[in-house]
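The exercises below are meant to be worked through with the model open in a viewer.

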Amino acid sequence: MKKSKNKSENTALSVVKNVGETNETGVAVYQPSSEDVFDDISVFSALFNETPEQIKNGIRVFELRRFAGTLGQITVRYEIREKEILRIMKKSLSLGVGEILTSPVYLSGYRKVVNKTEMDGQKVCAVIDFPLGESTLKAKVADVKACEKFGVDGYTVVMPSVFVKNPNEFKKQLKKIKGLTDKNVGVAFSTTELDADDVKSVFRAAEKVGAEAVTLLFGDQTEQEILSTAKAIKENKGKIEVRILGNVRSAEAVAAVKKLGADKVFTPYAVDIAEDLLKRFNIKGIKLN
């Protein structure tokens, strides 16, 4: 969520690889790579005049930053006060949490925090018609129009599970909503009524209608129940980004869900998970300067 209407560009982070090669003048040539593996710690140690342990700490910071970027903090419960919204915004920014996904009712609070503190740069998106998606298209449209006034960065629109069997209506509603905004629009479905075959149908239907992402909502299910259902992701996932939203409370559970094919994990405990990891590895901060 930005303070002004001007859009800021994302900063790409790459890792140096193939260190030690030289050009005709004898100067070392460094090739940037998107991979996160350092081939030789000693080469980096010599290059940057740091100890191997310092280089290893740098790798840990990079991995923690990347991990935090796949976390999403959700704020959808009732009666969240401005003080808590401020805490979430500050922590998400400092810990590198990738996104805040919030009920439209709290957008005014986030906007107020951004304007008051000038803490822009944190991605704040709205979840529409949470948790079951059973409102009318007219109601969804009204919510999106209202959210646009707050300068949100994107939308996740909850659709009723019956749309799995009715792709034409699914496509009609998503097309209407995408026509209201230039932001990314993803869709979400509650998993309470979906089996493995339905999950496969959701992915295929979402790709066909042009959704940017699919979010599977797990409500109050336990981590073990989430992992059990999430097995269907790896088997049926296509090219579309897949997100899990549920009460995931630990980094280990996040990692387990991601191994099953989820790209991002949204939880009320995202900030707490990221903060715990920094304490566990004795890292002071992971935010880029």
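Contact, as used here, means heavy atoms within 4.5 Å. Helices (H or I, at least four residues) and strands (E, at least two) are DSSP runs, numbered from the N terminus. The model is predicted, so local features need pLDDT of at least 70 and side-chain atom pairs count only at pLDDT 80 or more, while totals for chains, interfaces and linings use all residues. Residues are numbered from 1 along each chain as its sequence is written, and side-chain values use heavy atoms, with hydrogens and water left out.

**Exercise 1.** Determine which residues of helix 8 are buried and what covers them.

*Solution.* Take buried to mean under 20% relative accessible area, exposed over 50%, and partly exposed in between (1.4 Å probe, protein chains only). By that criterion the buried residues of helix 8 are I226, L227, A230, A232, I233 and N236. Next, look at what covers them: the list includes helix 7 (196-209), strand 8 (213-217), strand 9 (241-245) and helix 9 (251-259).

**Exercise 2.** Characterise the aromatic pairs found in a search of the whole structure.

*Solution.* Rings of Phe, Tyr and Trp (its six-membered ring) pair if their centres lie within 6.5 Å, and planes under 30 degrees apart count as stacked, over 60 as edge-to-face and the rest as tilted. The search finds 2 such pairs. In one, the rings of F163 and F170 have centres 6.4 Å apart and planes at 35°, so that pair is tilted. In the other, F170 and F189 are edge-to-face, at 5.5 Å centre to centre and 90° between the planes. This second pair links distant parts of the chain, since F170 lies in helix 6 (residues 167-178) and F189 in strand 7 (residues 184-190), 19 residues apart.
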